[in-house]
Amino acid sequence: PNIHLTGHRPWGTYTVLEDSSGYKIKRIVVKQGKRLSLQKHFHRNEHWIVLSGCATVTIEDRIFTVSPNESTYIKAGNIHRLENKGKLPLVIIEVQVGEYTGEDDIIRLEDDFSRI
C-alpha cells in the first residue's frame, strides 16, 4: 500500500506523495501568516505549483506572488523562501529533482522558529 507520511512543522504540514530515485513530490500546506525558512539546497532543484491560496515567493533578490495554477522554479543553490501572507491556507505541490532529495540538504539562512 502507498502510505503518505505527513510531517508537522510550526508553519504547517508537508506530505510526501512520492519518493523515488532522483525525485520527490510533496504536498505542502502553509498556515495563514506563516513562512518557511530562508534556505538553499545543494543537490536539488524545486518546482512549486500553487493549488490554492496565494504564495509569496522569494528567490535570491526577487520577491513575487504565485497564484493558483501557476508555478515557479528554484535552481539548486538559489536562496529561496515560501510565505503565506493570505487569509486562507496555502497549498502547493513541490517537485524536487536532483541526485539527492534528503531533508538534511537544507541550509537555513534565516528562520522564524530558530531552527538554524
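Isoleucine 28 is in contact (heavy atoms within 4.5 Å) with Trp11, Thr13, Tyr14, Leu82, Leu90, Val91, Ile92 and Glu94, leaving out residues up to four places away in sequence. The model is predicted, so local features need pLDDT of at least 70 and side-chain atom pairs count only at pLDDT 80 or more, while totals for chains, interfaces and linings use all residues. Residues are numbered from 1 along each chain as its sequence is written, and side-chain values use heavy atoms, with hydrogens and water left out.

**Nonpolar core**

- The largest nonpolar core has 16 residues; such a core is a set of buried Ala, Val, Leu, Ile, Met, Phe, Trp, Tyr and Cys residues joined through side-chain atoms within 4.5 Å.
- Ile28, Val30, Ala55, Val57, Leu82, Leu90 and Ile92 have the most contacts inside this core.
- Two or more core residues come from each of strand S2 (12–20), strand S3 (23–30), S5, strand S6 (55–59) and strand S10 (90–98); strands are DSSP runs (E, at least two residues; helices are H or I, at least four), numbered from the N terminus.
- S6 gives the largest share of the core, three residues.

**Salt bridges**

- The count of salt bridges is six, where a salt bridge is a side-chain nitrogen of Lys or Arg within 4 Å of a carboxyl oxygen of Asp or Glu.
- Lysine 24 and glutamate 103 meet through their side chains in a salt bridge at 3.7 Å, N to O.
- This pair links distant parts of the chain, with lysine 24 in strand S3 and glutamate 103 in the loop between S10 and strand S11 (107–110), 79 residues apart.
- Lysine 24 is buried at 6% relative accessible area; buried means under 20%, exposed over 50%, and partly exposed in between (1.4 Å probe, protein chains only).
- Glutamate 103 is partly exposed, at 33% relative accessibility.
- A salt bridge also joins glutamate 103 to lysine 26, with the closest N and O atoms 2.6 Å apart.
- Because glutamate 103 is in the loop between S10 and S11 and lysine 26 is in strand S3, the pair ties together parts 77 residues apart in sequence.
- Lysine 26 is buried, with a relative accessible area of 5%.
- Glutamate 110 and arginine 35 form a salt bridge whose closest N and O atoms are 3.8 Å apart.
- Glutamate 110 lies in strand S11 and arginine 35 in the loop between S3 and S4, so this pair ties together parts 75 residues apart in sequence.
- Glutamate 110 is partly exposed at 36% relative accessibility, and arginine 35 is partly exposed at 22%.

- Asparagine 45 is in strand S5 and is partly exposed, with a relative accessible area of 24%.
- The side chain of asparagine 45 makes a polar contact with the side chain of tyrosine 73 at 3.4 Å; a polar contact is a pair of N or O atoms within 3.5 Å, where within protein one must be able to donate a hydrogen and the other to accept it, and residues adjacent in sequence count only if both atoms are side-chain atoms.
- The asparagine 45 side chain also reaches the backbone nitrogen of alanine 76 at 2.8 Å.
- Beyond neighbours within four places in sequence, asparagine 45 is in contact with Tyr73, Ile74, Lys75, Ala76, Val95, Gln96 and Val97.
- Asparagine 45 and tyrosine 23 are 22 residues apart along the chain, and their C-alpha atoms are separated by 9.4 Å.
- Glutamate 46, in strand S5, counts as buried at 2% relative accessibility.
- The side chain of glutamate 46 makes polar contacts with the side chains of arginine 44 (3.0 Å) and histidine 80 (3.3 Å).
- Not counting residues up to four places away in sequence, glutamate 46 touches His41, Thr72, Tyr73, Ile74, His80, Glu94, Val95 and Gln96.
- Histidine 47 is in strand S5 and is partly exposed at 35% relative accessibility.
- With residues up to four places away in sequence left out, histidine 47 touches Thr72, Tyr73, Ile93, Glu94 and Val95.
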